[in-house]
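User: I would like to work through this model by question and answer, starting with local backbone features and moving on to strands, pockets and overall dimensions.

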Amino acid sequence: MSIVVTGATGHLGRLVIESLLTADVPAGGIAAVARDSEKAAPLAALGVEVRIADYDSPATLTDAFRAGDRVLFISGDEAGRRVPQHTAVIDAARAAGVAQLAYTGVLGGPDADFELAADHKATEQLILDSGLRYTFLRNGWYTENYTENLAPVLEHGAVVAAAGEGRIAAAARADYAAAAAAVLTGEGHLDKAYELSGDTAWSLAEYAAELSRQTGRTIVYDNVPGETLLGILTGAGVPKPMAAILLGVDTAIERGLLAGTTGDLSRLSGRPTTPLAQSVAEALKS
């Protein structure tokens, strides 16, 4: 039996493996599923077993899992393609006889009605229908969704969005990774769903104010109409379907759908979630 992390070379996957190692899980007891052996080489160097597989190639998933494995199934990142990809992963996990399939979905689960959530809701149902023992990790928004793209914000002195006065209970990826590691190594998590979010919700106006405080510059929150945001995003090269999805997220934020502070994330990780000010400081240093 191994603890298996799919999407292991992505941002979240790497952090989960780091959290597992920090929790004293032997490297030889961890398996990293990745598409690219070169990208996975640093994990192999740590003693982690690398299993090469691709969500788009069901045949490669045959050897990705073993009977009794505890699996963290990190969702694909291509909206609109995820359901067939995820179906292939679930089928392979069921055929292998894994002991646990922990899936990274979206905050709100079946109640989330914005477009980004559609693939996640479909995947949760596929997992339920599979008969596998599961854990649903319904992740809220990552703070890095904002802090990783500071260059245009600092250049124009504005956080541009269409989220109104909505609040976001975001947390750092490392917080979600620590919670996932706890679920994979602990007991009592089978057939449960966790709504994961930051301890404190903040608005984009407050985010802009924090950027202003830490940079000493005036950064404003420019709340624009939805059509204006679509034009900005497509003008920056974002494909229209993805731009529409991003607008849908902002609309969800405005309606309060990403503001819930359930406490599940900090309870699972065993620590408070990373404050916004700390995430901003770390981003400005990088």
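User: In which loop is the place of Asp 24?

Analyst: The model is a predicted one. Asp 24 has a positive phi of about 70 degrees although it is not a glycine. Most residues other than glycine have a negative phi. The place of Asp 24 is in the loop between α1 and β2 (30-34).

User: Is Asp 24 buried or exposed?

Analyst: The cut-off for the exposed class is a relative accessible area over 50%. Asp 24 has a relative accessible area of 67%, so Asp 24 is exposed.

User: Why is strand β6 described as largely enclosed by the rest of the structure?

Analyst: In a regular strand the side chains alternate between the two faces of the sheet. Tyr 134, Phe 136 and Arg 138 point one way from β6, while Thr 135, Leu 137 and Asn 139 point the other way, and all are buried. Strand β6 (residues 134-139) is largely enclosed because the number of its residues that are buried is six of the six.

User: Which residue of β6 does Thr 104 stand opposite?

Analyst: Strand β5 (residues 100-106) and β6 run parallel and are joined by six bridges. The chain passes from β5 to β6 through helix α4 (residues 118-130), in a β-α-β crossover that is right-handed. Within the pairing of these strands, Thr 104 stands opposite Leu 137.

User: Which residue of β9 stands opposite Thr 135?

Analyst: β6 also pairs with strand β9 (residues 192-196), in the parallel sense and over five bridges. In that pairing, the residue opposite Thr 135 is Lys 192.

User: Which residues of strand β4 cover each of its two sides?

Analyst: Strand β4 (residues 70-73) is covered on both faces, and the four residues concerned are all buried. On one side are Arg 70 and Leu 72, and on the other are Val 71 and Phe 73.

User: Which residue of β5 is the bridge partner of Leu 72?

Analyst: Strand β1 (residues 3-5) is joined to β4 by three bridges, and the two run parallel; in this pairing Ile 3 stands opposite Arg 70. β4 also pairs with β5 in the parallel sense, over four bridges. β4, helix α3 (residues 82-96) and β5 make a right-handed β-α-β unit. In β5, the bridge partner of Leu 72 is Ala 102.

User: Which helix gives the most to the lining of the second largest pocket?

Analyst: The second largest pocket holds about 180 Å³ of space. Its lining takes at least two residues from each of α1 (11-22), α7 (173-185) and α11 (264-269). With five residues, the helix that gives the most is α7.

User: How many residues of the lining of the second largest pocket are charged?

Analyst: The lining of the second largest pocket has 13 residues, and those nearest its centre are Glu 18, Ser 19, Thr 22, Ala 178 and Arg 271. By class, the lining divides into seven nonpolar and four polar residues, and the number that are charged is two.

User: What distance separates the C-alpha atoms of Leu 12 and Ala 180?

Analyst: Leu 12 is found in helix α1. Its relative accessibility is 9%, and Leu 12 therefore counts as buried. Leu 12 and Ala 180 are 168 residues apart along the chain, and their C-alpha atoms are separated by 9.8 Å.

User: What distance separates the C-alpha atoms of Ala 31 and Ser 266?

Analyst: Ala 31 has its place in strand β2 and counts as buried, at 0% relative accessibility. Ala 31 and Ser 266 are 235 residues apart along the chain, and the separation of their C-alpha atoms is 26 Å.

User: What is the radius of gyration of the chain?

Analyst: The chain contains 12 helices and 11 strands. For 286 residues the globule rule gives 19 Å, and the chain comes close to that value, so it is as compact as a globular protein of that length; its radius of gyration is 19 Å.

User: What percentage of the residues in the chain is buried?

Analyst: The C-alpha trace of the chain spans about 55 × 35 × 35 Å along its principal axes. A residue counts as buried at under 20% relative accessible area. Of the 286 residues in the chain, the buried ones make up 51%.

Notes: Residues numbered from 1 in each chain as written. Predicted model: local features only at pLDDT ≥ 70, side-chain atom pairs only at ≥ 80, totals over all residues. Heavy atoms only, no water. 1 Å grid on protein atoms, 1.4 Å probe; cavity = no way out; pocket = protein on both sides within 12 Å on 5 of 7 lines; lining within 4 Å. Points joined across faces, edges and corners; volume = space filled by probe spheres on them. Nonpolar A, V, L, I, M, F, W, Y, C, P; charged D, E, K, R; others polar. Buried < 20%, exposed > 50% of the residue type's maximum accessible area, 1.4 Å probe, protein only. Pairing = 2+ DSSP bridges. Right-handed = clockwise from strand over helix to strand, strands pointing away. Rg over C-alpha atoms; globule rule 2.2 N^0.38 Å.
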